[in-house]
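Subject: Handing over the two-chain model

Dear colleague,

I am passing this structure on to you, and below it you will find my notes on what turned up in it. Please read them with the structure open beside you.

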2 protein chains.
Amino acid sequence: MDNSMNALPEDTFKILIATDNHLGYSEKNAIRGQDSFVTFEEILQLASVNKVDFILLGGDLFHDSRPSTYCINKCIELLRKYCLGDKPVEIEFLSDQSYHFQYQRNPIVNYEDPNLNVSIPVFTIHGNHDDPTGNKQISVLDILAASGLINYFGRCNDFNKVDIKPILLQKGEVKLAIYGLSHIKDERLGRLFLDRKVTMKMPQGEDWFNILVLHQNRVARGVKNFIPESAIPNFIDLVIWGHEHDCKITPEPIGNNNTHISQPGSSIATSLALGESIPKKVALLQVSKDGFKMIPIPLQTVRPFILDELFLENPQSENYLYEKPSEQAVDQVKQKINEMIAKATTQHKDKSKPAPLPLIRLKVFYHNEQQMFNTVRIGMQFSGRVANPDDMVKLNSITAKEKKAKSKF
Amino acid sequence: MDNSMNALPEDTFKILIATDNHLGYSEKNAIRGQDSFVTFEEILQLASVNKVDFILLGGDLFHDSRPSTYCINKCIELLRKYCLGDKPVEIEFLSDQSYHFQYQRNPIVNYEDPNLNVSIPVFTIHGNHDDPTGNKQISVLDILAASGLINYFGRCNDFNKVDIKPILLQKGEVKLAIYGLSHIKDERLGRLFLDRKVTMKMPQGEDWFNILVLHQNRVARGVKNFIPESAIPNFIDLVIWGHEHDCKITPEPIGNNNTHISQPGSSIATSLALGESIPKKVALLQVSKDGFKMIPIPLQTVRPFILDELFLENPQSENYLYEKPSEQAVDQVKQKINEMIAKATTQHKDKSKPAPLPLIRLKVFYHNEQQMFNTVRIGMQFSGRVANPDDMVKLNSITAKEKKAKSKF
Ligand SMILES: [Mn+2]
Ligand SMILES: [Mn+2]
Ligand SMILES: [Mn+2]
Ligand SMILES: [Mn+2]
């Protein structure tokens with residue numbers, strides 16, 4: 001990784017990197033229904049404003065493998081608005097298009113179709129949310145590819161081995177090889193790695209910058225249920241790791257070689273877990289003969305998400321003053337939530353727009369059952385001030401938490 | 001209607017007329033699954049070979065309002081293959097595009113989009129099978145329109161009145177006004193007609209050829225459950241009547257004026273009813289200052305469909321020879337079906353391709369229950385020779401039929 005890029009613009013790839021946009025997530029929710037689309041539009045605008053050569057996505061563009069008519073329509077509208085136009089595409093496609101796009105009736109990269117005026121090509125693999133479905137195994141990404149709005153690649157249908165041939169691109173004097181690996185069940189892919197049945201076919205010559213884009217568990221979610229970093233071949237320069245929603249987009253080196261991993265994270269929180277509260281970003285990746293540079297761009301439209309814990313005071317302690325422990329609990333919780341809402345407000349940077357209602361998740365731990373209270377009622381009291389009144393507060397016994405903490409060791 | 005067209009090609013609209021393609025009908029059926037797509041492709045090829053100015057569809061392009069991913073993908077692939085290309089579009093759009101295409105993010109006619117190279121514009125209304133769905137009321141046709149492959153018009157969201165402003169097109173010296181009325185519940189539309197709350201706004205000037213395209217019941221399927229021909233305004237020259245699947249494509253005059261109705265019928269049989277056994281056709285409509293001409297084109301790819309009735313011999317009659325009436329029935333039925341298959345074979349004209357398995361529907365009427373037989377078993381015996389072994393034979397009591405016939409009077 002080299003932060004001093006001296007190459008000329010015509011010899012530098014400029015790529016917008018994002019993943020896990022989960023279009024259609026919670027689309028029927030009156031407050032949050034538009035979130036996934038609004039942020040996806042922000043990402044497309046960033047690509048447009050920064051005049052990137054292309055967009056590279058890491059899977060889970062859609063939240064459902066059978067999105068609603070509304071969701072597909074909305075996505076097509078956005079892609080058509082931002083990715084068609086007169087800006088010339090300055091990249092050259094060197095590898096065999098009839099191989100990469102073999103599942104399409106017209107197997108060509110979209111910007112070479114004489115009937116379409118593409119300004120920003122989008123390349124994407126599929127994730128576990130937008131994988132092929134039905135007895136004909138068609139992904140909603142195939143629909144976008146058929147309409148000429150994206151280039152869907154890296155699909156492997158062989159259950160016994162995975163041979164990845166990279167997409168080869170050239171811009172000026174820089175050469176880029178993109179190894180796409182659409183989502184495969186982690187257990188199966190892990191097994192194939194162990195059995196040395198995953199091969200990546202390096203192109204001729206030595207001056208290629210090699211990017212692997214995949215969509216798999218990086219965090220161990222069970223034995224053999226993730227892809228160990230050691231499975232990444234040494235010659236890969238940069239891994240774009242989709243599927244993990246925590247934003248760790250700044251490339252981190254692994255092992256003793258020059259391989260770096262960038263984990264962009266999702267552009268929308270699809271759960272109220274800690275990792276989703278890390279501020280969401282996309283990145284501008286520049287690749288030249290000097291190396292690469294990855295500039296994170298914080299997303300402005302993402303709804304603030306504040307997650308915290310609250311340990312209620314112990315009613316058995318000496319200085320406990322309240323008569324009704326549940327009333328004390330409600331007072332303490334309300335105060336805490338007010339603080340969290342205030343904190344969310346400070347995160348809102350774009351003062352030209354009103355701050356969106358924040359996502360709030362407070363885990364409350366009680367000592368005894370007298371401290372328990374109605375979480376639904378407290379949610380209702382914050383309706384209009386938070387985006388998720390229905391699941392804002394989670395109530396747990398402190399002993400359960402202590403047990404859980406102990407069992408980790 | 002004038003069959004002697006002397007106008008020059010540059011002063012003659014050439015339009016391919018079709019309706020009710022029902023893409024995705026029975027798509028999971030191993031034998032018939034591709035039928036709707038194969039015939040839709042034939043229609044697009046006819047449009048291409050005949051170098052039409054545009055295609056006009058009458059609704060029910062899709063069989064389901066939420067088609068499978070496969071079905072949407074397939075439709076987009078076909079439209080992209082046949083409707084994009086270098087053939088110049090020679091028609092001029094005169095009316096307000098931002099009105100006609102108001103439900104689109106980019107409300108323009110597709111062939112005027114500088115980012116798309118459209119060769120054959122498709123104009124369509126929606127039917128009752130591909131109408132808007134969900135709380136956002138989006139039709140699968142909106143997806144096709146968003147991707148720039150069709151022009152979806154004639155949608156009315158007002159439940160209290162229908163004001164139809166026509167699409168105005170010009171080619172050379174001919175002017176065409178197309179009044180689009182996407183499907184509305186027949187009861188409601190019928191009421192609105194009665195209350196004189198349906199208006200069609202005629203354009204200025206008198207030299208317009210006026211086409212109304214609608215998708216409603218034409219046949220009375222209950223009181224007030226159809227649109228009477230008398231509801232059609234006098235100034236309409238030609239009605240393209242979608243929804244009714246019987247092919248009656250040759251224009252028929254109505255009333256005392258010059259209005260004609262063409263009912264193209266579906267391009268695939270979606271039931272084994274008598275009307276669906278009429279040979280399927282589309283038409284080439286030519287409109288010039290001299291008038292119009294509509295040339296029916298029989299579809300070659302449609303699976304033959306033979307429907308017939310068989311009255312079993314009465315076991316109580318004098319010359320009844322069989323010991324087991326059910327055996328006699330089976331013999332008679334088999335012979336009849338063999339004759340029907342032979343008849344289907346003669347309908348197959350294109351000798352360059354193997355004849356597709358025919359659809360066969362035989363209604364068998366018995367006199368007493370001893371004549372009943374296993375229709376499933378007989379279907380299995382014709383498996384491989386007919387397209388619908390599962391529902392080939394329907395068994396009914398002759399007395400039930402006689403009763404039904406009497407009750408009609
Ligand atoms: Mn995801
Ligand atoms: Mn995923
Ligand atoms: Mn129909
Ligand atoms: Mn219909």
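A:D113 and B:R80 are joined by a salt bridge whose closest N and O atoms are 2.7 Å apart, where a salt bridge is a side-chain nitrogen of Lys or Arg within 4 Å of a carboxyl oxygen of Asp or Glu. Because A:D113 lies in the loop between α3 (97-100) and β4 of chain A, while B:R80 lies in helix α2 of chain B, the pair joins two chains. Helices (H or I, at least four residues) and strands (E, at least two) are DSSP runs, numbered from the N terminus. Both A:D113 and B:R80 are buried, a word that here means under 20% relative accessible area, with exposed meaning over 50% and partly exposed in between (1.4 Å probe, protein chains only).

Before going further, please keep in mind that this is a predicted model, in which local features need pLDDT of at least 70 and side-chain atom pairs count only at pLDDT 80 or more, while totals for chains, interfaces and linings use all residues. Residues are numbered from 1 along each chain as its sequence is written, chains are lettered from A and ligands numbered from 1 in the order in which they are written, and side-chain values use heavy atoms, with hydrogens and water left out.

A further salt bridge links B:D113 with A:R80, with the closest N and O atoms 2.6 Å apart. This pair also crosses between chains, running from the loop between α3 (97-100) and β4 (122-124) of chain B to helix α2 (residues 69-83) of chain A. B:D113 is buried, at a relative accessible area of 5%, and A:R80 is buried as well, at 9%.

What does the contact between the chains look like as a whole? In total, 40 residues of chain B are in contact with 39 residues of chain A, contact meaning heavy atoms within 4.5 Å. The area buried between them is about 3,200 Å², of which carbon and sulfur atoms give 50%; buried area is the accessible area (1.4 Å probe) that two parts lose on being put together, summed over both. On the chain B side, B:R80, B:R105 and B:N115 lose the most area to chain A, together 25% of what that side buries. Four salt bridges are counted between the two chains, and one of them pairs B:R105 with A:E41, with 2.8 Å between the closest N and O atoms. In chain B, α2 (69-83) and α4 (140-146) each supply at least two residues of the side that touches chain A, and the largest share of that side, 10 residues, comes from α2(B).

Next, the metals. The manganese ion (ligand 2) is coordinated by A:D60 (OD), A:N128 (OD1), A:H215 (NE2) and A:H243 (ND1), at 2.1 to 2.2 Å; donors are N, O and S atoms within 2.8 Å of the metal (3.2 Å for Na, K and Ca), and since water is not among the atoms, sites may look incomplete. A:D60 bridges this ion and the manganese ion (ligand 1), and the two ions lie 3.2 Å apart.

In chain B, the manganese ion (ligand 4) is coordinated by B:D60 (OD), B:N128 (OD1), B:H215 (NE2) and B:H243 (ND1), at 2.1 to 2.2 Å. B:D60 lies in the loop between β2 (54-57) and α2 of chain B and B:H215 in strand β10 (residues 208-215), so the pair ties together parts that are 155 residues apart in sequence. Both B:D60 and B:H215 are buried.

Finally, the strands. In chain A, β10 (residues 208-215) and β11(A) pair in the parallel sense over five bridges, two strands being paired if DSSP finds at least two bridges between them. The metal donor A:H215 stands opposite A:G242 in β11(A). Five of the five residues of β11(A) are buried, so this strand is largely enclosed by the rest of the structure. In chain B, seven strands form an open sheet of mixed pairing, in the order β3-β7-β8-β10-β11-β13-β12. There β3 (92-93) and β12 (248-253) stand at the edges with a single partner strand each, so one side of each is left without a neighbour in the sheet.

With best wishes
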